[in-house]
Amino acid sequence: SAAEKGGYEWFMLKEIAEQPRAVADTLLGRHSIDGHLQLDEMRLSDDELRDVDKVIIVAAGTSYYAGMTAKYAIEHWTRIHCEVELASEFRYRDPILDRSTLVVTISQSGETMDTLMAIRYARQQRARVLSICNTNGSTIPRESDAVIYTHAGPEVAVASTKGFLAQVVACYLLALYMAQVKGVKYGDEIASLIAELEKTPAGIQRMLDEGDQVRKLAAQLAGSRSILFLGRHVGYPVALEGALKLKELAYIHAEGFAAGELKHGPIALIEEGVPVFIVVPPKARDQLQEKIVSNIQEIRARGARTIVLAEDGDMDVVPFADHLIRLPKVPTLLQPLVATVPLQIFACELASQLGHDVDQPRNLAKSVTVE
Ligand code: G6P
């Protein structure tokens with residue numbers, strides 16, 4: 001009903017709007033002012049965590065993209081080797097698991113069959129399993145050794161939005177906690193990263209407040225046959241997520257690519273007028289920003305219509321952007337928390353323009369409980 005949707009046309013719009021809260025609530029109560037993290041509910045001892053020499057993240061759909069994002073943070077902050085794997089592939093490839101492997105599953109619903117089967121398989125192989133989940137008492141956390149709940153609140157729309165941002169935050173808390181336990185990060189460094197995380201709800205709110213430009217763009221691009229998304233580093237999973245949302249909701253062909261792979265294929269798809277979203281890394285990050293600016297230049301010279309997501313003050317992109325979506329300045333690893341938001345709004349709005357049921361896209365289910 002309209003009341004349940006809180007005045008929004010779709011649950012998805014309501015859930016997109018709830019993201020500042022979802023992120024803040026997932027951070028709430030999990031750290032002290034000096035940055036010391038506490039993940040009380042998680043049921044793995046610090047000794048068990050210190051034993052971990054490899055993390056394998058397993059998930060499906062949008063949760064898998066949260067996992068891809070988390071890999072960058074886990075390896076960077078903890079210096080523990082981390083792999084990410086689709087739940088549907090994991091147990092069929094004979095993965096190497098032992099007591100020192102921590103399998104981290106990510107699931108909004110806690111009921112995805114492939115993810116559950118991955119947990120059972122991992123535990124049979126004696127790996128420890130920690131689940132990041134949004135649904136209290138669901139099957140996945142019940143069958144795991146440990147759990148970190150995301151506090152996004154119930155998600156109704158089939159396409160995950162606030163669940164995704166909360167998952168990224170929960171993964172980052174886990175990464176920082178492991179870094180703390182391992183002694184590779186200390187109080188003030190953790191405190192300053194937590195302080196940055198605590199600023200993101202305001203950044204997300206700004207992306208919501210500036211949603212009108214994205215809605216206008218969706219109206220302009222509603223006739224597109226295909227839309228591409230480029231990103232690198234943590235912008236790569238953001239690009240994949242932007243494309244997934246668009247195909248799920250608007251039934252338009254969409255693909256996400258790692259920008260560094262442009263010359264290995266995607267550039268062949270560039271023709272006059274094809275819309276390409278590009279997620280530009282913060283300038284502080286190595287030379288990734290420069291490299292992606294040159295990608296934008298190349299595709300625009302071949303006729304692409306470029307929609308550039310770049311942080312405030314990045315002027316290098318201006319000459320090559322047909323549309324410019326500004327992002328607040330945040331540390332690189334946190335950029336997905338703000339950059340995903342306009343892509344969610346874009347897909348939702350474009351699908352709406354085409355007259356599709358945004359909350360219940362054809363052929364899709366909120367949770368895939370069969371294989
Ligand atoms: C389905 C949903 C997606 C979700 C995926 C994984 O495909 O439509 O929104 O990301 O399942 O679900 P989970 O509940 O395990 O996160």
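Visitor: Which strands does helix α11 lie across?
Guide: Helix α11 (residues 235–250) lies across β6, β7 and β8. It runs at about 175° to β7. Axes are lines fitted to C-alpha atoms, for helices over the stretch in contact, and angles run from 0 to 180 degrees between N-to-C directions. Helices (H or I, at least four residues) and strands (E, at least two) are DSSP runs, numbered from the N terminus.

Visitor: Before we go on, what kind of model is this?
Guide: A predicted model: local features need pLDDT of at least 70, side-chain atom pairs count only at pLDDT 80 or more, and totals for chains, interfaces and linings use all residues. Residues are numbered from 1 along each chain as its sequence is written.

Visitor: OK. What is the strand order in the sheet with β6?
Guide: The order is β7-β6-β8-β9-β10, an open sheet with parallel pairing. Two strands pair if DSSP finds at least two bridges between them. The edge strands are β7 (253–258) and β10 (323–327), each pairing on one side only.

Visitor: And which residue stands opposite L228?
Guide: V276, in β8. Strands β6 and β8 pair over three bridges.

Visitor: What about the sheet with β1, what order there?
Guide: β2-β1-β3-β4-β5, an open sheet of five strands with parallel pairing. β2 (81–86) and β5 (146–149) each have a single partner strand, so one side of each is left without a neighbour in the sheet. The twist averages 20° from one strand to the next.

Visitor: Which strands does α4 touch?
Guide: β1 (54–59), β2 and β3. Contact here means C-beta atoms, placed from the backbone, within 7 Å.

Visitor: Switching to helix pairs. At what angle do α4 and α8 cross?
Guide: Roughly 25°, with the axes within 9 Å. That makes α4 roughly parallel to α8 (under 35 degrees; over 145 is roughly antiparallel, 65 to 115 roughly perpendicular, the rest oblique).

Visitor: Who makes the contact?
Guide: From α4, residues including A66, A70 and W77; from α8, residues including F164, Y172 and L176.

Key: Two residues are in contact if their C-beta atoms, placed from the backbone, lie within 7 Å.
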